[in-house]
Amino acid sequence: MTAQDSATPPSAIAVRSGNSGSGSSGTLLALLGVGMFSLTFPATVWALDGLGPWSATACRAVLGTLIAAGFLTARRARLPDRRHLVPLAVVAAGVVVGFPLLTTLALRSSTTSHAAAVVGLLPVTTAAYAAVRAGTRHSKAFWGAALTGAAVVVAFAVQQSGGRPGTGDLYLFAALLICAAGYAEGGMLARELPGWQVIGWALVLSLPLTLAGAAVALAVEPVHLTGRATAGLLWLGVSQFVGLWVWYRAMALTGVARAGQLQLAQPLLTLVWSVTLLGERLAPAAPLAAVAVLVCIAVTQRAGSPTRSDRRPRPAGSANLDLDVSRSSR
């Protein structure tokens, strides 16, 4: 996104996104973003081939920060205002530290196909957080589909864990909650800052923590870098910044609704990668659970636009928050 884009009102961007050329470019970028996100779990498994979970999480964040800092410097981005610091801290806690760490810990005991099915509920979880955060109301069809999807995921996790959720499931459910907060706050902040600056400054803000964490983790956890581990870590570092940058740009060009529909394929793509790249054997329930969750999310997408509750004021700067976050996932 250019400096001119960042100064353009959201309504003007929405008008521009209707152009056929912009729509085609946005669709291609959305597909690229979905493809990058779908490789996150397989790349994490590769990184764990030579690194511990804390080392992998901290090192991917440091690599992503180096890339982000380079772009921020090259584009001469202005420092964020003080009022942006708290939302940026939530974004950093959710998508820079919390979600990567919790899912990495989960993948020590869960397969990528299992994790993909559980985390497929992230768009609905994000929408629920946004409803509480911004005081919005969704239709009964939306919440019916959302609760059905949640029930499918819980049933799948319990069935796969022999009657009760395992440790990996607890990590994944916690990851859903904290990432939902990061996405919702990031979606609200993206109305004031370009999306690449939101994730860029969140990475920079978390650098003292991630750099110290990397130093400690590398000293404590065993390190045996293999070709797979190096490739996985590099991919995670690049996608930590570039993936979200591409995704935000796609939403600006083609519209959040169209981009969100494309992202519904992400869990299924992850299942494909788990078989082709990791050689996993899918449990029969995994693709069924993933498809069921996708159907539920598709219903939420078509259940109508949310409205603001009369009992809660909308926070300043939260225009179009519901449209942004209810269809976004990593």
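Analyst: Let us start with relative accessible area, calculated with a 1.4 Å probe and with protein chains only as cover: a residue is buried under 20%, exposed over 50%, and partly exposed in between. In this structure, Asp81 has a relative accessible area of 33%, so this residue belongs to the partly exposed class. The structure is a predicted model, in which local features need pLDDT of at least 70 and side-chain atom pairs count only at pLDDT 80 or more, while totals for chains, interfaces and linings use all residues. Residues are numbered from 1 along each chain as its sequence is written, and side-chain values use heavy atoms, with hydrogens and water left out.

User: With which residue does Asp81 form a salt bridge, and how far apart are the closest N and O atoms?

Analyst: The general idea is that side chains of opposite charge can pair when their charged atoms come close. The rule used here asks for a side-chain nitrogen of Lys or Arg within 4 Å of a carboxyl oxygen of Asp or Glu. In this case the partner of Asp81 is Arg83, and their closest N and O atoms are 3.6 Å apart. Arg83 is exposed, because its relative accessible area is 55%.

User: How many salt bridges does this rule give, and which residues are linked in a network?

Analyst: The count is two salt bridges, and the network links Asp81, Arg83 and Glu192. Arg83 also forms a salt bridge with Glu192, where the closest N and O atoms come to 2.4 Å. This pair links distant parts of the chain, since Arg83 sits in the loop between α5 and α6 (85-106), while Glu192 sits in the loop between α10 (167-189) and α11 (195-205), 109 residues apart. Glu192 is partly exposed, with a relative accessible area of 31%.

User: Which residue caps the N-terminal end of α7?

Analyst: The cap is Thr111, which places a side-chain oxygen 3.1 Å from the backbone nitrogen of His114. The general idea is the polar contact, a pair of N or O atoms within 3.5 Å; within protein, one must be able to donate a hydrogen and the other to accept it, and residues adjacent in sequence count only if both atoms are side-chain atoms.

User: Where is Gln240 found, and what joins its side chain to that of Arg60?

Analyst: Gln240 belongs to helix α13, and a polar contact of 3.1 Å joins the side chains of Gln240 and Arg60. Gln240 is buried, because its relative accessibility is 0%. The C-alpha atoms of Gln240 and Ala61 are separated by 7.0 Å, although these residues are 179 residues apart along the chain. Another case is Thr270 in helix α15, a residue that is buried at a relative accessible area of 4%. A polar atom of the Thr270 side chain lies 3.0 Å from the backbone oxygen of Ser38.

User: How many aromatic pairs does the count come to?

Analyst: Rings of Phe, Tyr and Trp (its six-membered ring) pair if their centres lie within 6.5 Å; planes under 30 degrees apart count as stacked, over 60 as edge-to-face and the rest as tilted. By this rule there are four aromatic pairs. In one of them, the rings of Phe71 and Phe241 have centres 5.4 Å apart and planes at 40 degrees, so the pair is tilted.

User: Are Phe71 and Phe241 buried or partly exposed?

Analyst: Phe71 is partly exposed, with a relative accessible area of 31%, whereas Phe241 is buried, with a relative accessible area of 0%. Phe71 also pairs with Trp245, and here the ring centres are 4.6 Å apart and the planes at 70 degrees, so the pair is edge-to-face. Because Phe71 lies in helix α5 and Trp245 in helix α13, this pair ties together parts that are 174 residues apart in sequence.

User: Which residues do the ring pairs link into a cluster?

Analyst: The cluster consists of Phe71, Trp196, Phe241 and Trp245, linked by ring pairs.

Notes. Helices (H or I, at least four residues) and strands (E, at least two) are DSSP runs, numbered from the N terminus.
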